[in-house]
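Hello,

Here is the structure I promised to pass on to you. Have a look at it first, and then read my notes below.

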Amino acid sequence: MWQDLCFSFRLLTRQPGFAFIAILAIGIGIGQATTTFNSFSALVLRPLPHMEDEDNVVYLEQVQAKAPDTRLNLSLPDFLDVRARSQTLDRPTILMSRTLIIGTGDRPIRLYGTSISAEGFAMLGVKPHRGRLFHPDEDAPGAAAVVLLSHRTWRQHYGGREDLVGKAITINGAEVTVVGIMPPGFGFPENSDAWMPFINSEKDYPRGNHSFPVYARLKPGVTLDAAQAELQVISQTLAQQYRETNDGISISVQRLRVATTADIRLLMHLTLGAVLCVLLIACANVANLLLAKAVDRHHEVAIRIALGASRGRIIRQLLTESLVLGLLGGLVGLVLAVWDNALIIGTIPVDLPYWMNFDFDWRVFAFAAAAAIISSLIFGLAPALQITRNIALELKEGGRGGVGSPRAQRLRQLLVIGQVALATLLLIGAGLMVRSYLKIQNADLGFDPRNLLTFRVGLPPTQFTDKAQVRRFFAQLTPALAAIPGVEAAGAASMLPSNGIGLNAFSIEGRPRPPTLGEHPFAVAREITPGYLQTLRIPLLRGRDISVTDTIDQPRVLLVDQAFIDRWFPGEEVLGRRLNFGDHDTPEDWATIVGVVGTVPQRLEANVPGFNVYSAVDQQTNYFLTYAIRVQGDPLSYATAAQRAVISVLPGIPIYTVQTMERSLLMSYWHRKFFGRVFASYGLVALFLASLGIYGVMTYTVSQRTQELGVRMALGAQPQDVLRLVGRQGLWLVGTGLGIGLVAALALTRLMSSFLYGVSPSDPPTYFVLSFVLAAIGLLACWLPARRATRIAPMASLRGS
């Protein structure tokens, strides 16, 4: 084996050009495959940090029978019923996001907090870095306030003080005891900074309020199917007991990792499949190079076999040479993967969840090694078998019967056809992703996102119990922001477009009230301040806007958008009609439609329509709002002035999630842009490699037919005749591969349909344009060798014979 390796290295040093091209081709393929596998591993394979036996940790959600694709969190009463009745789930845990404010005066700091069941961390199997976890009784009403801090918060805001555990700090204006520090890199559920016990308060969260993520651990010996069967029985019982809210709603359970990656799991599998296609194209290229090189080695191989070497011994030597190429390509691929991985992380515009780690680990190195070895077999075995075939005929006919035979030529042609087919499939997939992203980017938003600064601000309800004070704060803040020099308008909403979908059930006056929650119509409900429409430049089509006179002591009013009317009031006059968003038939539950506004689509990338309903902030109590201010110049330059305006209204209140509206929109569909770029890079590399393959085969064909072409030209053939003769073969290769690729694309791109916006998986412009581009580049790769064939000097070729 050592002798074979040494011989292989000597051969490569004698042919540096061949070695460079082959190693680069396989290195590009392995590099992209390794980078993609690393991302796949980070999402799907690597254990969640600091968590014991994650496969038994599950996530619960509720599903409506009439809308199975709509997933809901649990309501608090439903969670309490599940916890009391389940025999298969261990320590069901409820979560709720919270804003935690530390510091006072002009420099308050907002932490991303989470309320969690006291036994939640014990359920997850997480151990604290310092101190202890919550005691089971610390989530009971009236229990002393305690907090767990993340390792990052402990370091950044408290300097890593060793004596902090057991000390009291001020959170939301109250004294809270720090009982522990969580381990480095832990931020469950995503990137939490601090955790406090969840205090049950059913009166504030009725059964129809599906707001709470719920996790649990399967008890020892319990399967996922057994837990699902039990939850189905519990769901049916709740539907019978609480028909109005629970009829047609079931509880489903899935493993934590599956639930965490549900949105992009299929896309990651598609990406991994795409990059393996790139690797196969690279292997086909190297196989073609080896077949071409075999022409120069047929005498050597024939003589070695004639001197007694077995066919198996020769094949082993040739596979060793391929293995050396593959391993060197693997090293180059690893270098490219490290660079590509850093580039990928740098282009992701969002904060990654704490558990998503893109550092290379043993899985990645094992994958790269396996890819190098398997690739060596893929591109080395067929040429090795071909070289050693029909040796007797090779010796008899002086070297014309083996590697230059029609069988070898057909093999090379099949490799090129496969390359073109795979390149076509990848290009079509990439084109669909890019076209979908461009459709989203150029979609009609229903408002103007330019020159808008957005930020979140609010008053924690545990600190500000006076609802009148909360309403006064926002009533005073809006004009204070509008008064900032350079600010043209200011307004706020409970949610800005693209920041979420708050679906609320409602009933319509004069129509029968549906008996169950699942049968109610739903709309996207937002509470807004006066000036919100002007700030976002959402057109008021008729009626009036929300005004400062729409206060808590006045009859409730609503604005609806045109999509809402088209869905629920087609052809009817809606001004003056009343909707009920409450559970009872009381005056405060009814609101009158006073205006119609333009439609603002929700979640463009998810194809979610409008159906927007806007109510007045002053007619209810919102503790947190997202503000938008329209400014002159750079929006981010107004962030400091906005914070000063908040402090002037109420000291000690921070603003957070400060960004432009354009970036906020990008954050909602960044992954489509990201994966569009990834697929585009795969398609371009595949196109490049396939073009090289076509060029190589056609160049080889011309070299094999030099004497024939010389004879034809000596007998009177014109250059265009030779060009047509040689080009016909290239056209056949490109056309056949293109046809196979288009059929495969029509079948496989349907898997991408859920990730496309405004584009069909069989989108004609994408197929036509990219087919034309690939055909044109393929024809160019054919034309260059064919043109060279027209310059063959007939006498020179005849003398060579």
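**What I found**

H50 lies in the loop between α2 (16-45) and β1. Please keep in mind that this is a predicted model. The phi angle of H50 is near 65°, which is a positive value in a residue other than glycine. With a relative accessibility of 34%, H50 counts as partly exposed.

A second residue with a positive phi is T657, where the angle is near 50°, and it is not a glycine either. T657 is found in strand β23 and is partly exposed, with a relative accessible area of 48%.

There is also a cis peptide bond to look at: it joins F188 and P189, with omega at about 10°. P189 is found in the loop between β8 (174-181) and β9 (194-197).

Next, a strand. Strand β10 (residues 214-218) is largely enclosed by the rest of the structure, because five of its five residues are buried. In a regular strand the side chains alternate between the two faces of the sheet. In β10, V214, A216 and L218 point one way, while Y215 and R217 point the other way. Which strands pair with β10? Strand β1 (residues 57-64) runs antiparallel to β10 and is joined to it by four bridges, and Y59 stands opposite Y215 there. Strand β3 (residues 89-102) is also antiparallel to β10, again with four bridges, and L89 stands opposite L218.

In soluble globular proteins, nonpolar side chains tend to be buried together. The largest nonpolar core here has 103 residues, and F121 and F134 have the most contacts inside it. Helix α9 (residues 265-306) gives the most to this core, with 15 residues. At least three residues of the core come from each of domain 1 (2-43 + 263-439 + 671-800) and domain 2 (67-247). A second, separate core has 32 residues, including V487, Y623, I629 and I655.

Helix α14 (residues 467-482) has 16 residues and reaches 24 Å from its first C-alpha to its last, close to the 22 Å expected at 1.5 Å a residue. Its buried residues are V470, R471, F473, F474, L477, T478 and L481. They cover an arc of only 150° around the axis, so they sit on the same side of α14. These buried residues pack against β12 (452-458), β13, β22 (624-631) and α17 (639-649).

As for α17, eight of its eleven residues are buried, so this helix is largely enclosed by the rest of the structure. The buried ones are A639, A641, A642, Q643, A645, V646, I647 and V649. Among the elements that cover them are β12, α14 and β23 (656-660).

Lastly, is S494 buried or exposed? S494 counts as buried, because its relative accessibility is 11% and the cut-off for buried is under 20%. S494 is found in the loop between β13 (487-493) and β14 (503-505). Not counting residues up to four places away in sequence, S494 touches R456, A525, R526, E527, N622, L625 and T626.

Definitions and conventions
Residues are numbered from 1 along each chain as its sequence is written. This is a predicted model: local features need pLDDT of at least 70, side-chain atom pairs count only at pLDDT 80 or more; totals for chains, interfaces and linings use all residues. Side-chain values use heavy atoms; hydrogens and water are left out. Buried means under 20% relative accessible area, exposed over 50%, partly exposed in between (1.4 Å probe, protein chains only). Helices (H or I, at least four residues) and strands (E, at least two) are DSSP runs, numbered from the N terminus. Two strands pair if DSSP finds at least two bridges between them. Contact means heavy atoms within 4.5 Å. A nonpolar core is a set of buried Ala, Val, Leu, Ile, Met, Phe, Trp, Tyr and Cys residues joined through side-chain atoms within 4.5 Å. Domain bounds come from an automatic or database domain assignment. The expected span of a helix is 1.5 Å times one less than its number of residues. The arc is that of the directions from the helix axis to the C-beta atoms.
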